[in-house]
Each structure stands twice: as structure tokens, then as C-alpha cells.
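Hi,

Here's the structure I promised to pass along.

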Amino acid sequence: MTDTAEEVRTISYTLTVNGIERTVEDNKPLLRYLRDDLKLYSVKDGCSEGACGTCTIVVDGFAVKACVLTTERAAGKNIITVEGLSLREKEAFVYAFGTAGSVQCGFCIPGMVMAGKALIDRNPDPTEEDIKKAIRGNVCRCTGYKKIINGIRRAAAILRGEVEIKPISQFTGKMMPEQNEFISVVGSGYDPGRASGIANYENRGSSSQYGMGQNVFRIDVRKKVLGYGKYPDDIGPEYFVPADRPDLIMEQTGWTQEEYDAAAAEGRLEPGKTICRKDEPLCNICTIVDPDMPPMAYCSAVRSEYPRAIVKKIHKEKAESLPGVLGVLTAEDVPHNKVGHIQQDWDVMIAEGDITRMTGDAICLVVAESPYILEAAKKAVKVEYEPLEPVRNIAEAKAEGAPLIHESGNLCQQRHVVRGDAAKALAESAFTVTSSFSTPFTEHAFLEPECAVSFPYGDGVKILSTDQGAYDTRHETSIMFGWEDTPERIVVENQLIGGGFGGKEDVTTQHLSALAAVKFHRPVKMKFSRSESLRVHPKRHAMEGTFTLGCDENGILTGLDCEINFDTGAYASLCGPVLERACTHSVGPYNYHNTDIRGFGYYTNNPPAGAFRGFGVCQSQFALESLMNVLAKKVGISPWEIRYRNAIEPGLELPNGQIADVSTALKETLVAVKPYFDDAPEDRVGIACAMKNAGVGVGLPDKGRARIEVENGLVWIFTAASDIGQGCQTVFIQDVSQATGLPITKIWIGVSNTENAPNSGTTSGSRQTLVTGEAVRGAALLLKKAMDEEGVTEETLDRLNGRKFEYEYFEPTDRLGSDKPHPKSHIAYGYATNVAVLDAEGRVTDIYAAFDAGKVVNPLSMSGQIEGGVLMSMGYALTESWPLRDCVPTARYGTLGLLRSTDIPDLHAIHVEKDKLLDASYGAKGVGEITSIPAAPAIAGAYYAKDGVLRTKLPIENTFYSKKKK
Amino acid sequence: MAKRIRKISYVRCRGGSPLLEGIDRASLPGNCSEILQLFPNGINKCRYGCLGGGSCEAACHLAAIRVEDGGPPVIDREKCVGCGLCVRVCPQNLIEIILPDRNIQPKCSSRDTGKAARDACGNSCITCRICEKVCPAEAIHIEDGRPVIDPAECICCGMCAVKCPRGVIRDSNGIMTVD
């Protein structure tokens with residue numbers, strides 16, 4: 001019916017976007033139109049199913065999710081994105097969110113800004129409750145919402161004219177009352193008054209007080225709030241500009257002819273060169289490619305329908321014959337078909353004749369000219385399977401005659417940690433308690449799904465990535481290409497990273513997009529859909545464990561015996577180290593020395609498990625802390641008292657034999673929360689302590705490396721250390737400021753890139769602030785020495801142009817099972833105590849969260865880490881789940897049980913800083929991981945206090961929160 | 001002190017079901033309970049919908065609810081205070097008290113399913129369950145032949161409203177659906 005077809009073509013929809021009238025001919029999700037056609041990249045694509053809120057825009061005055069609305073339904077409407085805010089609104093939100101510490105990974109932020117704008121337009125003076133309701137549809141996984149709520153409130157105050165945007169050079173007073181995050185600080189060396197100035201990076205103020213302990217305006221605030229910072233998905237086809245198209249280069253950069261000529265003369269326009277924004281050398285605009293390079297293509301994997309099935313035949317001919325399909329790659333096209341973060345057991349693709357191990361397994365990789373053709377081609381691929389019975393859980397994996405998931409057997413990893421004589425100590429104990437615990441898989445639920453863009457580069461490939469370690473990604477990808485001897489053929493460059501929490505340590509999209517880019521010799525983007533992200537990346541391990549803990553009649557701990565079983569799913573990922581941390585930390589931060597800890601990690605056909613904030617310790621310390629409460633009851637002392645009596649102190653021996661160092665401040669965290677514990681009704685309060693290593697430790701070569709260069713009178717820091725939102729790049733700038741006395745206006749930091757930044761290890765194990773921080777400090781002290789020797793000041797830095805200062809930090813540790821009497825397993829440990837308070841209905845009203853992280857580098861940032869980690873831990877305790885039906889995940893992003901803004905309790909971040917600190921990194925120990933450990937057992941403890949029922953399963957049952965679920 | 005939370009009435013029927021044969025709208029009493037006494041199976045093809053007698057309008061002290069041309073009633077969202085008087089007088093139980101910021105709401109109370117529902121009214125829920133499938137929060141479910149939203153789970157994204165083939169689920173902000 002040709003006339004109907006013509007009629008269809010004449011339909012068009014007219015809408016106004018940021019003040020410009022637009023006409024669109026297709027009916028599609030508004031999100032796709034705004035991003036793909038209009039290049040409005042502030043509108044983030046976090047799930048495309050209405051659950052996350054990252055694509056929130058304002059339509060006719062209402063906050064709306066762009067993925068839900070269609071161009072058809074948007075016809076005639078007035079649409080505003082962050083790009084279309086007035087200059088005044090933009091500045092208000094940048095300043096408010098920067099000074100309130102609202103920005104971490106930043107992926108939810110443009111959506112939060114627009115939800116905030118819609119609210120403020122209607123209600124210029126919103127209350128906290130109003131704001132919570134307005135952002136209820138917007139998930140943030142980093143901040144715990146508190147600082148975003150503060151940020152929107154402050155933006156409203158600025159827009160009402162009640163709060164002034166102050167250049168920081170004028171800002172000398174104390175922070176506004178609601179901005180004062182410290183409710184108590186223990187330790188003699190800390191003066192909150194000193195931590196009052198906000199260093200506004202952007203206003204280029206003249207003060208030099210940006211060092212340790214200052215509330216520094218994070219360097220990534222502006223680009224994240226205004227949405228022009230690039231995550232890999234914000235790289236569209238226009239990003240790659242052929243070298244023979246000066247018109248396109250000038251359009252992208254906004255250069256004049258003279259600026260273009262100057263850049264060309266300096267050789268900055270050669271193929272392979274990346275061009276940054278004029279006003280911000282940290283924000284890439286485009287990359288120059290060979291004139292004959294075809295435009296960016298898209299790839300996606302067809303994934304297994306069954307957790308365990310023989311792949312009989314892959315029918316790819318029909319897909320390959322579709323116009324616009326470049327090809328369908330299978331295992332045969334992969335030079336070496338195995339990757340893996342530590343153990344290379346993960347098939348890049350499952351070959352014909354092989355057996356799948358999970359539903360997330362890639363069977364083949366479809367590469368096409370457009371995302372639309374790609375989806376059609378994926379559907380055209382038919383795979384014949386012979387389904388087999390899957391291995392569903394640890395019991396089935398251990399069973400005799402169980403199918404082997406890997407040739408090496410179903411036992412992936414095991415550890416045995418012994419000191420003293422646990423059996424004897426427990427037998428002689430006045431009180432013992434034994435219980436089995438079970439904790440679930442947990443999904444990281446970072447807001448930014450995995451995405452990578454790769455393109456041919458030199459004699460290899462460059463990967464623009466979002467991950468937790470550029471060098472790790474290079475290493476894993478080099479194994480796949482068989483380039484282990486020449487890994488430098490692969491260049492990995494981190495873009496902005498929209499959250500990680502451990503879930504972006506393994507390669508997911510990076511290696512596959514690189515494979516396609518090399519195969520078809522053109523740029524290729526690979527982006528996970530949200531459901532693919534949920535299926536593929538490793539989760540927090542599910543645990544089944546049995547713990548026996550004993551104490552004497554005074555509540556002094558005597559011994560621990562435990563067996564920890566982890567379900568590591570289809571692949572090892574980081575099973576070894578995670579299991580090891582679970583075992584070594586299962587003893588808790590207490591002073592006793594008889595332990596027998598057996599840990600096992602089993603393969604099953606579930607999605608893989610690996611690193612997740614807390615790194616195994618969330619599971620084992622939940623069990624231990626729960627048993628502490630039972631013992632306290634038996635002894636007849638309070639849960640606070642039993643912890644204080646056993647708490648580790650400097651000079652005492654930790655249960656692993658390591659001597660607790662001078663910075664150890666567990667007792668101080670207990671003292672810090674005591675008033676809140678004592679004030680709360682006895683039957684509605686719970687308490688838990690935690691310890692967590694900083695740095696990889698256990699004898700591994702965990703090195704921090706940094707290089708400082710002086711260029712055009714500015715100091716540049718180069719270090720490949722991923723800032724996944726925790727703020728380590730700002731920490732490094734503070735390190736340099738502290739060491740040199742330079743203002744942060746003179747200090748810049750390059751992106752994490754394997755071509756020009758030294759390898760400083762993975763963002764894992766709370767190590768960047770400490771390990772890389774010390775490397776940066778070392779390099780900065782070399783710079784300071786040169787400045788002093790040559791009489792160079794802030795004004796005359798030009799005299800050091802071209803000079804480089806490199807530093808490597810490595811403090812050896814002892815391997816697990818070392819026969820030294822006092823092995824040093826880790827270079828540092830952080831400590832914490834949390835108190836959770838319930839109301840009569842069982843709702844968590846307050847969490848008092850005291851953390852010892854050594855030197856507090858940026859108090860505002862540290863509170864943000866604490867609030868976010870604590871809320872994550874509360875979700876782990878009460879609402880989050882990752883249900884599987886015969887190994888197949890059934891949850892969607894919106895049903896994971898993530899806590900929303902209206903669910904949050906009052907989060908009270910307490911910074912504990914001692915006067916005695918470690919020597920490295922100005923005494924900072926890092927706080928990233930430990931924040932997500934103690935709140936869960938503290939909440940479980942509060943419920944135990946309430947009804948006397950020991951909760952042994954997470955999420956805990958029969959609570960105010962389980963009532964809500966049907 | 002928390003402010004008293006403002007609530008408003010919401011009518012779960014859009015009208016649209018034709019009058020049964022032989023019914024003369026002009027001769028009906030101006031009170032829904034009386035209509036129902038005369039016609040126990042209702043007056044429309046859909047027996048669950050609004051009878052248009054105006055009992056709710058008569059009950060409202062604030063002139064916040066108006067019934068025109070045989071209903072269903074229109075609520076003045078500015079005037080309504082959610083007192084619940086209209087809820088009590090509706091014999092069809094079509095009115096509910098909701099929070100005004102919960103802008104995504106089902107507007108059908110039919111207990112019929114599938115074809116029967118389709119035949120009875122042009123604006124009816126036909127229990128196709130698309131809303132259940134597309135809801136990212138698993139907040140909407142078909143119960144007794146009509147969609148019911150769990151306010152504790154709903155995030156008001158509007159996906160169900162956009163995907164509903166019958167226009168049953170409405171956006172009172174007028175963005176996802178336009179009245």
C-alpha cells in the first residue's frame with residue numbers, strides 16, 4: 001500500500017527544545033531523539049525503562065523521564081534540558097552542588113538538576129520533604145541523597161537571591177550551618193574551624209589553603225552538573241573527525257581560522273590526536289582520524305538463553321546479509337578466547353560445541369552501522385542449544401557427580417587462615433554461640449551502564465572506557481589479542497566513570513569493542529543495555545557460612561571458628577582476593593588470637609560474583625557482629641560494652657598477628673557514637689564495628705606511581721588511577737597543594753590513560769587516596785625541592801617548564817600464611833562504628849556513622865562517601881535483592897530494592913581523626929569500602945534488640961521494610 | 001511539625017460506555033443510588049462505570065466536583081481538599097482519595113476482562129497486562145479486571161500511561177497523556 005507509506009512519511013512532530021522549534025519525523029523515545037539527533041548528552045541513558053531517572057528533563061514545567069515520553073507525545077510541548085537552563089540557573093546549580101558536595105560519579109546529576117529545577121520553578125522555597133518527593137524517581141547510588149537534597153535547597157536559595165555565589169577568594173567564613181557536616185570529631189589534632197573554607201577550583205581564587213583537611217570544591221563538578229563531561233556513551237559518531245575536514249574540526253571546537261591554523265602548525269591535528277574544549281583542557285571534544293576512516297559503528301553480543309547449554313549451531317548468515325550489518329564475530333574470530341581479571345577462565349565468546357556457563361555468556365558479536373540495524377540483526381541470529389541441567393547453588397556445585405563448570409572442577413578458590421587453637425579456646429570458653437548465615441548476591445546498580453568506544457590507533461587500538469583500572473583493562477584485552485608482549489599496542493583511556501563499586505573491574509565491553517574495531521578497522525561503540533549490565537558484570541558473592549564465636553565470663557573474646565562458602569557464579573573474576581578478605585576480616589577488629597577460618601569459593605551457573613565495595617567483608621562481618629550481640633546478651637553487658645572491651649588498640653596484635661599501628665582509632669569511633677547509643681531506647685538501637693584494609697597487601701607488588709610535569713607555568717599530575725566518583729583526582733590535587741603550597745588554580749590533573757600516565761593500580765581496596773596519594777605526594781615533594789633550590793615561586797613556575805618529577809611508592813607486605821610472628825598483611829586498616837536507631841514501627845530513623853580514615857583530606861567528600869556507603873549498607877540489610885530463578889536473574893533495575901530519596905534515615909557522618917597518623921599520604925587511609933560494611937549488622941542488631949530474634953539472613957526478614965513488599 | 005498532607009479526590013472512570021437500549025437519560029433521577037435502585041445492573045453497557053446522576057456534585061461543599069452530560073465527574077484539583085464526602089456517596093465506588101503529586105493514575109473500574117470489557121466501553125481496561133510488563137518498579141497489577149497501582153512502589157514514571165493501548169492510565173500533568 002504505497003499511499004499509506006507516503007502518508008506515514010509525511011507525519012511529523014513539532015516540539016520546542018531549549019527554545020528552538022524542532023521537527024522530527026520518527027516516533028521514537030524522546031531520549032533517543034535528544035541524544036542521537038540533537039546531541040544533548042546531558043540527558044543520560046541509565047536504563048531506558050523509566051526506572052533510574054538519569055534522563056529526567058522538564059516538559060511544560062514538569063520533570064519527566066525522556067525515555068518514557070515519545071516524540072509523538074512530545075509534539076507541541078516545550079522541553080528543557082540542562083543545556084537549555086539560563087546562565088543564572090546553571091551557575092546556581094554548579095555552585096550549590098559543588099559547595100554542598102552533591103556530586104560524586106555525576107551520572108545521576110543532570111537528572112537531579114532538572115528534577116530540582118521543575119520543583120523550584122513551582123515552589124521557590126522547597127522543604128527537605130518537598131525535595132525528597134521531587135527526586136523520588138531519581139536513583140543515586142553514590143551520595144545517599146543527603147547532599148543532593150542540600151544542593152537543590154541551596155540552588156533554590158541562590159535563585160531566590162538569598163545566597164550569593166561567592167568567588168572563593170572572598171570566602172573566608174565558616175560554612176553555612178546545614179553545610180557543617182561534622183556532628184562530632186574525636187581526637188586532639190583536629191580543628192573543624194580549619195576545615196571551613198571552600199576552595200572553589202573554578203573561580204581561580206588566590207588563596208593557597210587547599211591542602212589537607214579543606215572542603216575543596218571537587219574538580220569535576222561543573223562538567224558533571226552541566227552534563228558536558230564525557231562518559232563513553234556521550235561519544236557519538238561526530239566525535240571522530242577526518243583529518244581533511246577542517247570545517248568539522250572548527251565546528252566541533254568552536255575555533256576561529258587562526259586558532260585552527262595555529263593548532264595545525266603545532267601538529268595537534270594529526271590523526272590520533274584528541275582535541276579538548278577551549279576552556280577546559282580536561283574535557284575532550286573530538287579525536288582526529290584518517291580521512292579514509294569510516295564512521296563509528298556499533299556492536300552488541302547475542303547472549304545465551306540458558307545458563308548451561310551446549311551451543312549446537314550459530315546461524316549468523318541471515319543477520320550478516322542484512323544491509324548495514326558489517327559482520328557477526330564468533331569465538332573463531334578471537335585470537336585468544338579467554339579473558340579474566342586474575343584467572344583467565346572467562347570465554348570471550350562461547351564457541352560452537354562448547355557449553356555455556358551463564359545466561360550472560362556472549363555467543364556472537366554483531367557489528368552494524370547503526371543501533372537500529374544492530375537490534376534487528378541480533379534478532380536475526382538464531383542459535384541452536386541443547387539445554388542442560390544447571391548448577392544452581394553451592395550445594396549442587398559440591399554434590400558428588402555434579403557437572404564440572406570448568407575443567408579444573410567446581411571449587412574455584414579456597415583459603416585456610418589459622419592462628420592459635422580455636423577448638424581448644426572455644427571448648428574452654430564460658431559462652432559460645434554458633435549460627436549459620438546466608439547473604440545474597442548484590443547488584444552494584446551503578447547508574448552508568450558499561451560502555452566503551454574503541455578505534456584503530458597506531459599499530460593497535462585505543463579504548464575509551466569507563467572502568468576501575470585502565471592498565472587492568474589493557475592487560476585483559478592484550479591477553480585476548482595475544483599481545484601480552486606488546487600491551488602498549490592497546491591504549492586505554494578512562495572517560496568519566498559513572499560509578500563502579502567494584503563492578504567495573506572486569507572487562508565487559510572494552511575488549512569486545514576493541515575486537516570489532518580492529519576487525520573492521522573503524523571506531524566501534526559497545527554499550528550495555530541495563531538488562532545486559534545486570535546479567536553480565538560480577539556481583540557481590542552470595543555467602544553461606546557457619547560461625548562459632550566464644551568469650552569468657554567478662555565478654556572477652558576467646559576464639560572464632562568459621563566456614564565461609566561463596567557462590568562465585570560462572571567465572572572467578574576476583575573470587576580469590578574477595579574470599580581471602582572475607583576470611584581475614586571475619587575476625588573483626590578485636591583483640592583475640594585463636595581462629596580457624598576456612599573459605600571456599602564455588603563455581604555455579606549463576607551470574608559471576610567478584611569485587612563489590614566491602615570486598616567480602618560485608619558478608620563475614622555481618623555474621624561476626626551479629627554473634628557479638630548474642631554473646632553480649634549472654635554475658636549481660638551491652639552491645640557497646642562488649643565491643644569496647646575487645647576493641648583493638650595501637651600496639652596490640654590484630655587477630656591475623658599484625659600489630660595495630662599508631663593510627664588505629666577503633667576505640668575513638670566507639671566513643672564517638674556512645675552518646676547516641678546511650679540516648680536511644682535500649683530496645684531500638686543496634687551497633688556494629690568494622691575494619692577494612694587499605695591497599696592490596698598480602699605480599700603483592702601494589703605500587704603507586706605518579707609523574708608531575710610543569711608546562712606553561714602549570715603543574716600537571718599524571719597517574720593512571722580511576723576516579724569512579726569517589727573523588728581521588730581532587731585528593732591528588734590537594735596532595736600537591738599541601739606539598740608545594742601552590743593554589744589548586746595552578747594544579748591540573750590529566751586523565752587516566754595508559755599512554756601518558758604511569759600505572760598506579762586498580763581503584764579497589766580503598767587504595768587510591770593512600771597508595772597513589774603517597775606517590776603523588778612524593779612527586780610533589782620533588783617538585784617542591786626543585787622550587788626551593790631554584791627559588792621558584794607560584795608566579796615564576798614557568799622557569800620549571802618541561803621538568804618532570806616521578807615517584808613510585810611501594811611498601812612491601814607479607815603474604816597470607818607468612819611464618820613471621822607478626823606478619824604485616826596490609827599497609828593500613830580503617831576502623832568504624834555505626835549505630836542504627838529504629839522508631840516504634842521499625843523504621844530506621846538515624847544512623848550515626850563514625851569512621852577512622854586517618855587524615856581527613858576533604859571533609860565534604862568524606863561525608864559524601866560515608867553517607868553513600870552507609871545507605872548502600874542499609875539497602876543490603878533491608879531491601880536489596882538479586883533473585884535468580886534456576887540461575888536466571890529476574891530483577892530489573894527498578895525492582896532491585898534500591899533505596900530512594902524518600903526512604904533515607906538521618907545519616908550522621910562522624911569523622912574520627914587522631915593526632916597520631918601514618919606517615920604515608922599525610923596520614924590518609926581511605927574510606928571508600930569500609931563505609932558499606934557496619935550499617936547492615938548495626939541495623940540487624942537494632943532489630944535483635946527490638947524483638948530478640950537473631951537475623952541470620954540478608955535482607956533481614958520481618959521488618960518495617962519487608963511489610964512494604966507484597 | 002509536618003504540615004498536613006493535602007489530598008484530593010480522583011475518579012476512576014473516564015465514561016464512554018453507551019447507554020443501554022431503552023434508557024432515557026433525561027428521565028433519570030438526579031441521584032445515583034436512586035438510579036441504581038431503578039436499574040440494578042446500571043444504565044450503561046459497562047455496569048461498573050459512572051452513572052452520571054450527580055450525587056457526588058451534590059455532596060461536595062466546595063463545588064470542587066462537577067458532573068455534566070451524564071458524567072463522569074470532573075474534579076477541580078485546586079478546590080478539592082480530599083474530604084471524602086463524594087467518595088461516600090458514590091454507589092459505584094469510583095472515587096478514591098489520592099496524593100495530588102501522584103500524577104499517574106488508572107481511570108477505569110471495570111471488572112470485565114478482555115473482549116467483554118472492550119465491547120462495553122471504548123475507554124475500558126481490557127486486561128492486556130502491558131502495564132504490568134512495562135512497569136519498571138512492578139508497581140501496577142491487574143486486580144479484579146482493572147489496573148491497580150501500589151503507591152509505595154510507583155515512581156510515577158508514566159511508562160504504563162504511555163504504553164496503555166486504551167488510554168486507561170492517565171497523567172494528570174497532561175504530559176504522558178493529554179485529556
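Predicted model: local features only at pLDDT ≥ 70, side-chain atom pairs only at ≥ 80, totals over all residues.

A:His908 turns out to be buried, because 23 other C-beta atoms lie within 10 Å and the cut-off for buried is 20 or more. In chain A, this histidine belongs to strand β38, residues 906-912. If you're looking around there, find A:Asp846 too: from A:His908 to A:Asp846 is 7.4 Å, C-alpha to C-alpha, although 62 residues separate the pair in sequence.

Next, a sheet in chain A. Three strands make up this open sheet, in the order β8-β10-β9, and the pairing is mixed. The edges are taken by β8 (240-242) and β9 (274-277) of chain A; each has a single partner strand, so one side of each has no neighbour in the sheet. On average, neighbouring strands here are turned by 45° against each other, ignoring direction. β8(A) and β10(A), the latter spanning residues 280-289, run parallel and are joined by three bridges.

Last, the place where the two chains meet. Chain A puts 20 residues into the contact and chain B puts in 14 residues. On the chain A side, strand β4 (residues 62-65) gives the most, with three residues. By type, the chain A residues that touch chain B split into eight charged, seven nonpolar and five polar.

Cheers

How values were computed:
Residues numbered from 1 in each chain as written. Chains lettered and ligands numbered in written order. Contact = placed C-beta atoms within 7 Å. Helix = DSSP H or I, 4+ residues; strand = E, 2+ residues; numbered from the N terminus. Nonpolar A, V, L, I, M, F, W, Y, C, P; charged D, E, K, R; others polar. Pairing = 2+ DSSP bridges. Axes fitted to C-alpha atoms, helices over the stretch in contact; angles between N-to-C directions. Buried ≥ 20, exposed ≤ 12 C-beta atoms within 10 Å, placed from the backbone.
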